[in-house]
Amino acid sequence: MGLGILRQARDQRSDLLVMGARGKDALSAALLGSATAEVVRETPIPTLVVKAKGAGRSFLELLLGNP
């Protein structure tokens, strides 16, 4: 799916991509991957990733190891 998004963005000459992210924790995201993660890794186009406030864990919680 991520490659299709990249192809479409390139065909439309997009200046910015805005994508949503679910509340996966870092380990799940790293193991399972996602279209958003694939796009962020592969695209030269600036990409803004957003998720709902309170979804998942905060960056600080991940750093501190809090559940």
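This is a short tour of the model, stop by stop, with something to select at each one.

**Before you start.** You are looking at a predicted model, in which local features need pLDDT of at least 70 and side-chain atom pairs count only at pLDDT 80 or more, while totals for chains, interfaces and linings use all residues. Residues are numbered from 1 along each chain as its sequence is written, and side-chain values use heavy atoms, leaving out hydrogens and water.

**Whole chain.** Colour by secondary structure: the protein chain has four helices and two strands, in the order α-β-α-α-β-α from the N terminus. Helices (H or I, at least four residues) and strands (E, at least two) are DSSP runs, numbered from the N terminus. Of the 67 residues in the protein chain, 13% are buried; buried means under 20% relative accessible area, exposed over 50%, and partly exposed in between (1.4 Å probe, protein chains only).

**The core.** Now select Leu6, Ala9, Leu17, Met19, Val39 and Ile45, the six residues of the largest nonpolar core. Such a core is a set of buried Ala, Val, Leu, Ile, Met, Phe, Trp, Tyr and Cys residues joined through side-chain atoms within 4.5 Å. Helix H1 (2-11) and strand S1 (17-20) are the elements that give two or more residues to this core.

**H1 against H3.** Next, show H1 together with helix H3 (residues 35-42): their axes come within 8 Å and cross at roughly 50°. Axes here are lines fitted to C-alpha atoms, for helices over the stretch in contact, with angles from 0 to 180 degrees between N-to-C directions. That angle makes H1 oblique to H3, since angles under 35 degrees count as roughly parallel, over 145 as roughly antiparallel, 65 to 115 as roughly perpendicular and the rest as oblique. For the side chains, pick Gly2, Leu3, Ile5 and Leu6 in H1, which meet Ala35, Glu38, Val39 and Glu42 in H3. Contact means heavy atoms within 4.5 Å.

**Thr43.** Move on to Thr43, in the loop between H3 and strand S2 (47-50). Is Thr43 buried or exposed? With a relative accessible area of 13%, Thr43 is buried. Leaving aside neighbours within four places in sequence, Thr43 is in contact with Leu6 and Leu17. Thr43 and Leu6 are 37 residues apart along the chain, yet their C-alpha atoms are separated by 6.8 Å.

**Arg13.** Finish in the loop between H1 and S1, where you will find Arg13. Arg13 is exposed, at 72% relative accessibility. Check its backbone too: Arg13 has a positive phi of about 55° although it is not a glycine. Most residues other than glycine have a negative phi.
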